[in-house]
Amino acid sequence: MSTNPPQQKRARILNASPKSIVEAARKIHESGLIGLPTETVYGLAGNVFNEAAVARIFSTKERPTFDPLIVHVSPGLVGEMKLASLAELELVDLATLSPLARERAEALMKAFWPGPLTLVLPKNVKVPDLATSGMPTVGIRMPRHPVAQALIDASRTPLAAPSANRFGKISPTEACHVDQELGDRIEIILDGGPCSVGIESSVVAINPTGELTLLRPGGVSQAELERVSGAQVHSPQAQNAQAFAAPGMLESHYAPSKPMTLLSKAIADMSTEELKNEMALGLSSEMGVLLLAGNAANTQMRLAALSQHPVKVLSLSETGSIEEAAHNLFASLRKLDHSEAKIIFSEPCTSVTGLGHGIADRLRRAAARRS
Ligand code: TXA
Ligand code: MG
């Protein structure tokens, strides 16, 4: 008699059609999980009010239960863009929020939803504690991607969805990335094409008095948040970092399996001596190099002249567009991680405006040493 475990079938990658949406919604109702496209990154979605589904999200991702999930809603589910609508959906508890906090939250909802902004608000008792890791707050966002909206509408329930990667790994921005990460653990991945934004949502906490804290920089810039809310948006470091310890903010995250080093400045600004110093380890083996901007071929030639080994250079945006760089970031990191390279170097992102803040944050964490 064979002692082999039963073969787990690989996920089916389905083109998002009305038929596949109905099938996916049925899975959601059976406590199943779906690989779901959003405009930021792909998510691993399950019914937030179903504890079995929420528990499966953590185990499928190998995610520690101290890292809270984001809940996704749709325009169809929410109706009027008001906090009262979120209370009606039994997601938030408005009792402790001051009028100023409500005003600011609604201004942000109206300006940036649907879109890459997660609001952290006091949680309703109906949201399982497991989903929020026992925190008294819940992160909520309304994705802009039509396939995400269609699945939420068809499921008729808000969906908890973290990024669809194994914990700490590179986030997926295409359906095939979800398959690489979790294809042996889930049944359906809806294919909605490459994610347009490419990095995760900005996560903003609103406390009862209306103070705003940017817990994770992402698809909406700090300047835009401040303009719309009329308030200063604090960074967690400036306040009590402990109070905001959220594991998505763990130092090492979004990490390739190969060692990755962040260079001190753009390669074009480095002398040959500086290059040799900073890239010494890479020049003695195969290496992968990520440029923030500019032409990959020129850098490839310059580095090839210094190394006996293959060098693979990818540029996030030939023209220097920060939006294009964000869009390509995770897919390019994944390509280098799957290449022959033994070590990866990346230029730093020095722009702190717009999406630059989020890109700099992801690169720093991808390069952080794991202990
Ligand atoms: O763009 C996104 O936000 C993607 C797509 C799928 O929507 N989702 C995503 O989820 O990035 P995830 O789980 O990979 O990252 C969410 C992070 C958590 O790690 C956590 O740090 C923070 O958001 N978060 C969620 N709920 C929170 C809460 N109640 N308080 C503080 N931080 C929270
Ligand atoms: Mg994630």
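In α6, the buried residues are Val147, Ala148, Gln149, Leu151, Ile152 and Ser155, where buried means under 20% relative accessible area, exposed over 50% and partly exposed in between, with a 1.4 Å probe and protein chains only. Helices here are DSSP runs of H or I with at least four residues, strands are E runs of at least two, and both are numbered from the N terminus. This is a predicted model, in which local features need pLDDT of at least 70 and side-chain atom pairs count only at pLDDT 80 or more, while totals for chains, interfaces and linings use all residues. Residues are numbered from 1 along each chain as its sequence is written, chains are lettered from A and ligands numbered from 1 in the order in which they are written, and side-chain values use heavy atoms, with hydrogens and water left out.

What sits over the buried side of α6? The cover includes α1 (18-29), β2 (34-36), β4 (70-72), α3 (75-78), β7 and β8 (188-191), with contact meaning heavy atoms within 4.5 Å. Just after α6 comes Arg156, with a positive phi of about 55°, and this in a residue other than glycine. Arg156 belongs to the loop between α6 (146-155) and β7 (159-160). At 66% relative accessibility, Arg156 counts as exposed.

Along the principal axes, the C-alpha atoms fill a box of roughly 65 × 65 × 35 Å. Of the 371 residues, 55% are buried. Among contacts with a separation of 6 or more, 71% come from residues 24 or more positions apart. The accessible surface comes to about 15900 Å², and carbon and sulfur atoms hold 53% of that area; the areas come from the Shrake-Rupley method with a 1.4 Å probe, and for residues only the protein chains shown count as cover. As for charge, there are 36 positive and 37 negative side chains, and the centres of the two sets lie 4 Å apart. Lys and Arg count as positive and Asp and Glu as negative, with His and the chain ends not counted; each charge is placed at NZ of Lys, CZ of Arg, CG of Asp or CD of Glu.

Helix α5 (residues 99-112) is another element to look at. Its 14 residues reach 20 Å from the first C-alpha to the last, close to the 20 Å expected at 1.5 Å a residue, the expected span being 1.5 Å times one less than the number of residues. Buried in α5 are Ala101, Arg104, Ala105, Glu106, Leu108, Met109 and Phe112. These buried residues pack against α4 (83-88), β5 (117-122), β9 (202-206), β10 (212-216) and α8 (222-229). In the loop between α5 and β5 lies Pro114, and the peptide bond from Trp113 to Pro114 is cis, with omega near -10°.

The loop between α4 and α5 holds Glu90 as well as Leu94. Glu90 has a positive phi, near 60°, in a residue other than glycine, and is partly exposed at a relative accessible area of 32%. Leu94, in turn, is buried, with a relative accessible area of 15%. Leaving out residues up to four places away in sequence, Leu94 touches Leu83, Ala84, Ala87 and Arg102. From Leu94 to Leu262, 168 residues apart along the chain, the C-alpha separation is 43 Å.

Finally, Arg334 sits in helix α12 (residues 322-337). Is this arginine, Arg334, buried or exposed? At 4% relative accessibility, Arg334 counts as buried. Residues up to four places away aside, Arg334 touches Ile170, Ser171, Pro172, His177, Gln180 and Glu181.
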